Amino acid sequence: MADVVGYVFPNEHHIHWSLMIVTYPYITGIIAGAFIVSSLYHVFHVKALKPVSRFALIFALSFGICCTWPLLNHLGHPERCFNIMLTPHPTSAMAGFGYVYSTYMIILLLEILFIYRAVFARLLPQTTGFKATLYRALTFGNTDLSPATLRFDHKVTSWLALIGIPMACVLHGYVGFIFGGVKAVHWWLTPLMPVIFLLSACVSGIAGIILGYLLVQWWKRRPVDEECLSTLVKYLWGFLILDVVLELLDLGVHAYLRVESWHVLEHLISGPLFTSFIVMQILIFSFIPLVILGVLTLANVRGKALQILATLSAVMLLIQVYCMRWNVVIGGQMVSKSGRGYTFYHPGFFEKEGILPTILILLAPVIILFFLAKVFPLWMTEEGQNPQPIKNFN
Amino acid sequence: MNKGRRKFLGYLLKGTAGSLYWMLPLPIKVPLQIPGLGEEEKYDPEAHEFVFMVDINRCIGCGSCCVADKREYQVPDGQYRTWVERYLITVDGEVFVDSPKGALEGYPEPRKVEKPVRDAFFVPKLCNMCEEPACVQVCPVGATFKTDDGFVLIDYKRCIGCAYCVQACPYGVRYIHKKKRTADKCTWCYHRVRRGLLPACVNACPTGARKFGDLRDPDSEVSKILRSSEPLFVLKPDMGTFPRLKYLHLRQEVI
Ligand code: SF4
Ligand code: SF4
């Protein structure tokens, strides 16, 4: 499904890392970003983010569940996937995936369980049937709501969140490293790759949280917490600035140095990658949200305007980050190692690694989130009728 | 029985016996092509250092090597363990490269170039068997590995088909085998070499452009070339992969 210009090595007519490998860092990015939102509240005590702090965790969990799917679909032998943990090869950047991913998921799950223990304990008296059994199981039989126990939960949660931050950074920084560590592909070869991946992860995570939060509130006809939204918008703006500046700096340094590889890359940017990189990723989906978010932050906009513009920016940035993943993953493979040609990639709709499977994999976390929300109350308001006063420990 | 018929039957008998010679699993000794290999008691990989050399000036782009290779390994269409590139360099330094079907059908048609040509030659490509192979470094499960006698091979039973090695190889020699769904590449015919045979492509090359041998054997052709003043080069030396595949008379335009 590829065509070529110039001279391309005969084995390079096929692009090996397909849409699946574009989608995989996209999903891990969202996980890492969402986790960082919840940590802003749990570790850095950004009080305004309290309304979305739990939602962010469950959001991260639902994407975490699907994170390996694109990889498994991509592997030639998915049935051997556990080799990566059974016979890991220490010099390979990719060998760490199994460990990093599992550790991160365990921390995430533990944090969720500790945060929700008290919530479930409070909800138990009003719950019956299967749900009650489930809640009891998830509290591990400990329904104690005394201040001492709550304080303990809180302490554990803070520690988990604290360990979780570097883990989330490792999870995604390491994805950047997988690309940045390939010396044969000039488009990937930059020590900044892990950092750029991490910052764009934060952007996509926060944008995902904003969009999810607003959609749920509108759907349930509940008021939006403006303080929370505008704080999210501020963080989104901050991370976006860092992200865009670093990406452009990286490009700028290469363009200025003009070493041999640049002469190939400049044709890539002005040719096959022009639309998706310059026009879409930078001009439309970075600069416009940059301006909108800047205005929202500096002019302290509130009300409907804030909600609509925040939604617009969030959607645009979710597209921007997908473009970024595409431009990195596919862009790098477009340049032939012969230095004399380019390969194009047109994913088919029904292909095994094509557009339809990608859409399904990207929709799956949303569906999983919907079902998880039935078990894990995402919002503090949902325990409103509780007879006991809710201690603000979680 | 008349004479003619007796003669005919005699031929028939001899013919049958002769063909049986090829069919029965008799302990026939294959004539060794790599001196010294068959005589060892036990093969000691560390006692050998194999190199591959390609003489650009000798290659005529006939594609026999590619055909031999495809046959030896049943390589799927559109994938190449080895291929031959055609270079045309014009007087003003413009470089034209092509390799239709990896030169499986040779180059029956000359390539038309508008400007006068300064230099024209063919470059066979295959795995460089790097001393510091990027493909081995990145393989997450250790399916790609290096042997003590200098070969980089793939364990097809362990490979998960992630294609990381395909990305990491600077020379574009790897691919994900369409049927095996694992990584695959040129092996310098390790299975043949261990039996004392030359790689299939070296055997097929009519001009001696492809050379193979043991550097530890001072009488081998490759050792002699190495000790001579012939100009030897490797591809992409700045990649730090230290290829064992050496090119004689390589032009700087070749990547
Ligand atoms: S040429 Fe490529 S496949 Fe062969 S050893 Fe070197 S890096 Fe590995
Ligand atoms: S495709 Fe196979 S040999 Fe190549 S890096 Fe992946 S597991 Fe290793």
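## Chain B at a glance

Of the 255 residues in chain B, 52% are buried (under 20% relative accessible area with a 1.4 Å probe on protein chains only; over 50% is exposed, and partly exposed lies in between). This is a predicted model, in which local features need pLDDT of at least 70, side-chain atom pairs count only at pLDDT 80 or more, and totals for chains, interfaces and linings use all residues. Residues are numbered from 1 along each chain as its sequence is written, chains are lettered from A and ligands numbered from 1 in the order in which they are written, and side-chain values use heavy atoms, with hydrogens and water left out.

Chain B has seven helices and eleven strands, taken as DSSP runs numbered from the N terminus (helices H or I, at least four residues; strands E, at least two). Its C-alpha trace spans about 80 × 50 × 40 Å along the principal axes. Among contacts (heavy atoms within 4.5 Å) in chain B with a separation of 6 or more, 62% join residues 24 or more positions apart.

## The nonpolar core

Now for the packing. The largest nonpolar core holds 202 residues, and those touching the most other members are A:Trp17, A:Phe179, A:Trp187, A:Ile210 and B:Phe212. Such a core is a set of buried Ala, Val, Leu, Ile, Met, Phe, Trp, Tyr and Cys residues joined through side-chain atoms within 4.5 Å. Helix α1 of chain A (residues 19–42) supplies the largest share of this core, 16 residues.

What does B:Phe212 contact, leaving aside its neighbours within four places in sequence? Its partners include B:Ile34, B:Phe50, B:Phe52, B:Phe151, B:Trp188, B:Leu198 and B:Val222.

## Around the ligands

Ligand 1 is surrounded by 14 residues, the closest being B:Cys127, B:Asn128, B:Cys130, B:Cys135 and B:Cys169; a residue is near a molecule if one of its heavy atoms lies within 4 Å of it. That shell has eleven nonpolar, one polar and two charged residues. Here Ala, Val, Leu, Ile, Met, Phe, Trp, Tyr, Cys and Pro count as nonpolar, Asp, Glu, Lys and Arg as charged, and the others, Gly among them, as polar.

The residues around ligand 2 include B:Cys139, B:Cys159, B:Cys162 and B:Cys165, along with B:Pro140 and B:Gly161. The shell around ligand 2 has nine nonpolar, two polar and no charged residues.

## Pockets and a cavity

On a 1 Å grid over the protein atoms alone, a cavity is a set of points where a 1.4 Å probe fits but cannot get out, while a pocket is an open set with protein on both sides within 12 Å along at least five of seven lines; lining residues have an atom within 4 Å of a point. Points are joined across faces, edges and corners, and a volume is the space filled by probe spheres set on them.

The largest pocket has a volume of about 930 Å³. Its lining has 43 residues, with A:His186, A:Lys337, A:Gly339, B:Lys236 and B:Ile255 nearest its centre. By class, this lining has 18 nonpolar, 16 polar and nine charged residues.

The largest cavity has a volume of about 250 Å³. A:Trp187, A:Met193, A:Asp250, A:Leu251 and A:Phe277 are the closest to its centre among 18 lining residues, and α9(A) gives the largest share, five residues.
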